[in-house]
Amino acid sequence: MAPRANWKGFLRLSLVTCPVALYPATSESEKVSFNQLNRKTGHRIKYAKVDADTGEEVDNEDIVKGYKVDTDTFIEVTKEELENVALESTRTIEIDEFVDRSEIDPRYLIRPYYLTPDGKVGHDAFAVIRETLRDMNKVAIGRVVLTNREHIIALEPMDKGLMGTLLRYPYEVRSAEEYFDDIQDVKVTKDMLDLARHIVNQKAGHFEPDKFEDQYETALLDLINQKRAGKPIAAKARPRGENVVDLMDALRKSIGREVGAATEAPRKPGKKPRKAAAGQKEMLMPIAGKKPAKESAAKKPAAKPQRKSA
């Protein structure tokens with residue numbers, strides 16, 4: 001089942017309009033997350049919203065937004081006043097212009113969304129916009145309001161739908177000059193480039209996300225499973241970076257190592273990537289100090305389903 005839409009409204013190109021829905025294209029809900037606990041009791045830490053001066057807890061209905069003018073002065077802004085900021089992009093993604101994908105600086109990309117027709121009407125208009133973008137190899141630039149903020153969004157065809165990527169404003173992107181100015185100008189010799197190119201060619205491949213494995217996530221699952229099983233946790237030696245004295249020698253040794261790895265690889269049986277779901281099944285063991293599984297089964301949801309790749 002598809003997740004709930006983050007936004008619903010209309011996509012408009014001049015006089016062509018269609019109802020659309022915007023869905024998140026990524027999720028981090030399957031990642032291992034931690035709660036903060038009281039070391040002495042093992043209970044979760046609860047955060048309360050309190051008045052900074054009186055120290056008294058404040059109910060949610062008494063909490064409003066305020067803009068800080070100076071140390072002790074705030075301008076209160078109500079929910080109704082924010083809703084009265086009537087932006088067209090609150091309900092409509094107006095396409096302002098079309099650009100080449102190569103012109104969009106990667107630093108401006110924030111996060112991707114899926115844009116689909118909403119309901120049974122509007123599929124024809126949606127298809128016209130999608131196929132025009134595909135045929136002309138263009139990206140549509142528009143505006144949309146999410147979480148009370150107006151964002152720039154770039155729309156491009158993806159299969160039968162559109163992918164929308166939120167973009168940053170210029171004031172949100174830092175200049176690279178202050179970071180790169182101190183990098184020394186080094187003349188790289190042809191021999192070094194030839195050796196480096198050889199290494200790149202040996203490691204050349206294709207972008208296949210299914211091959212990616214979140215090794216840190218896997219290590220976290222192993223750690224949690226070992227602790228639940230009561231096994232001792234041994235500290236692992238941290239990798240140490242080597243001090244490169246002779247760059248040419250290091251490049252030559254790198255080539256030799258890659259050649260050796262390539263010849264040994266076929267002899268080793270292929271190691272299947274560990275599935276996170278297996279780790280989660282092992283994590284169903286009861287934790288000491290918690291309620292027995294039978295008591296908590298009625299309150300806790302079932303184990304998370306197996307993680308799937310996009």
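**Strand pairs and cores**

Guide: Let's start in S6, where Tyr113 is the bridge partner of Pro24. Bear in mind that this is a predicted model: local features need pLDDT of at least 70, side-chain atom pairs count only at pLDDT 80 or more, and totals for chains, interfaces and linings use all residues. Residues are numbered from 1 along each chain as its sequence is written, and side-chain values use heavy atoms, with hydrogens and water left out.

Visitor: Why do you say that S2 and S6 pair?

Guide: Two strands pair if DSSP finds at least two bridges between them. S2 and S6 (residues 109-117) have five, so they qualify, and they run antiparallel. A strand here is a DSSP run of E, at least two residues, and a helix is a run of H or I, at least four, numbered from the N terminus.

Visitor: What makes S1 and S2 a pair?

Guide: Seven bridges join S1 (residues 7-13) to S2 (residues 16-24), again antiparallel. Lys8 stands opposite Ala21 in S2. The two strands form a hairpin with two residues between them, and Ser14 in the turn has a positive phi of about 55°.

Visitor: What makes something a nonpolar core?

Guide: It's a set of buried Ala, Val, Leu, Ile, Met, Phe, Trp, Tyr and Cys residues joined through side-chain atoms within 4.5 Å. Buried means under 20% relative accessible area (exposed is over 50%, partly exposed in between; 1.4 Å probe, protein chains only). In the largest one, of 20 residues, Leu11, Ile93 and Leu115 touch the most other members. H2 gives the largest share, four residues.
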